Structures are given as C-alpha cells and as structure tokens.
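Dear colleague,

I am passing on the structure we discussed, with the sequence alongside it. My notes on what was found follow below it, with the cut-offs given where each term comes up.

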Amino acid sequence: MRVFFITSNKGKFLEASTILREYGIELQMDVNHKKVEIQSDSLEEIVSAALANVCNGPVSDYYVVEDDGLFINELRGFPGPYSSYVYKTIGIWGILKLMADARDRSAYFKSVVGLCGPNGIRLFTGVVHGEIATEPRGSGGFGFDPIFIPLGYSNTFAELGLDVKNKLSHRARAFRALGEWLLGNR
Ligand code: IMP
C-alpha cells in the first residue's frame, strides 16, 4: 500500500509520518500534485475540494490532504481557515497584538485530514484545546507553535517538542484516526 501526503510543509510531514509509522505505514511526501485550495470558511470543504481534484478517476494508491486552522475564541474563530495567510502576513506578532487586551485567551487547533483511494474519500478530524501565550516561546515545531499552550500544560508546543506534540496535537489525533481506518480497511 502506498500512501502519499500532498504537502510541501516539512513540519506537517514530519509529524504525520512519525504517527503513521506507529501503524506500520511509511508515508511518502508528494510535491508533484499541487494542493488546490478553494476559499471557504469550512476546513472540510477545502479538503474535499482538494481531494476531488486528485482522485478524479480510478486510483490504485492512497492520497492524503490536510488543512488546519487556529481558532481563537476572543477573535470569534479568527484566523481559522485563513491561518496560513494570516501567518504569512501579520504572523505571530500580529496575533499577539490583536490579543493584547484579550480577557479570554482560549483557542483551539483543528485539523481535517482527507484520504482518497481505491475505496473513495474519507475525512478524519482532530482538535486540541489550549490558550494563546502572551509572548512567543520555544524553537521547535512550526507556524503558531511558539504561542500555543495546550490545555493541561504551561509550555508552548514549540517548547514541548515533537514527542509531546505528537501525543496530543490536532494533527496527531486526525492522523491516528486515519491510521486506524487504514489498518482496518486496506
Ligand atoms: P494549512 O493547513 O497549511 O493551511 O495551515 C494553516 C496554518 O496554520 C499554517 O500555515 C500554520 O501556520 C498553522 N498551523 C497548522 N498546523 C499547525 C501546527 O501544528 N502548529 C502551529 N501552527 C500550525
């Protein structure tokens, strides 16, 4: 069974491949397919549209697409599905500025992982709750990891490192659900 992850994000690939290895699945990075991204408020719609573009006929391999968002409650869910654009534009410091007077710092990451293959399309979801730090801390991970403190911890994902992040992150939860499904259905 060959499973390709359509992404150019090395941080995402490292996390996902480490998880799937627990299920005996050797994930391969696919940079040849372009991940088509429609604009939508729904991660599920974005992932479904990207998959439809890849598996538009019979396929013998499995393809995986992931889309995530950081949803900040004080900002009514912003940046959500626009997290990648917001990260590239105002970045971590922009988010911290928007949160300067926030009383509620709670937030969550959500990951939607889509799989298409010989037996159709399936979506898997993972969520991790936590809060936005008051300043960036740590050097591990990627993206908003230096300002996200998962519930029950006092360190950011960037400080906690890959082993801990892969126990509780949104991505870890979604990819574990995918791993379980592949084990039972291949
Ligand atoms: P996308 O799924 O590539 O659109 O990801 C959205 C954005 O959310 C990324 O550009 C990252 O900045 C951020 N992001 C996604 N997953 C994580 C994570 O695990 N940690 C920190 N930031 C993340």
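**Notes on the model**

V127 counts as partly exposed because its relative accessibility is 26%, where buried means under 20% relative accessible area, exposed over 50% and partly exposed in between, with a 1.4 Å probe and protein chains only. This is a predicted model, in which local features need pLDDT of at least 70 and side-chain atom pairs count only at pLDDT 80 or more, while totals for chains, interfaces and linings use all residues. Residues are numbered from 1 along each chain as its sequence is written, and side-chain values use heavy atoms, with hydrogens and water left out.

V127 lies in strand β6; helices (H or I, at least four residues) and strands (E, at least two) are DSSP runs, numbered from the N terminus. Not counting residues up to four places away in sequence, V127 touches Y108, F109, K110, H170 and R173, contact meaning heavy atoms within 4.5 Å. Y87 is 40 residues from V127 in sequence, and their C-alpha atoms are 19 Å apart in space.

**Aromatic pairs**

The structure holds nine aromatic pairs, which are rings of Phe, Tyr and Trp (its six-membered ring) with centres within 6.5 Å, counted as stacked if the planes are under 30 degrees apart, edge-to-face if over 60 and tilted for the rest. One of these is the edge-to-face pair of Y87 and F144, with 5.2 Å from centre to centre and 80° between the planes. This pair links distant parts of the chain, since Y87 belongs to helix α3 (residues 83–89) and F144 to the loop between β6 and β7, 57 residues apart. Y87 counts as partly exposed because its relative accessibility is 39%, whereas F144, at 6%, counts as buried. Elsewhere, ring pairs link F5, F13 and F175 into a cluster.

**Nonpolar cores**

A nonpolar core is a set of buried Ala, Val, Leu, Ile, Met, Phe, Trp, Tyr and Cys residues joined through side-chain atoms within 4.5 Å. The largest has 20 residues, of which V64, L115, F175, L178 and L182 touch the most other members. At least two residues of this core come from each of β1 (3–6), α1 (10–21), β3 (62–72), β5 (106–117) and α6 (170–185), and α6 gives the most, with six. Leaving aside neighbours within four places in sequence, F175 is in contact with F5, A16, I19, L20, V64, E66 and V113. A second, separate core has 18 residues, including L96, M99, F148 and L160.

**Helix α5**

The buried residues of α5 are F157, A158, L160, K165, N166 and L168. They lie on the same side of α5 because they cover an arc of only 165° around the axis, an arc taken from the directions from the helix axis to the C-beta atoms. These buried residues are covered by elements including α1, β5, β6 (120–132), β7 (148–150) and α6, while the face turned away from the buried side carries the exposed residues D163 and K167.

With kind regards
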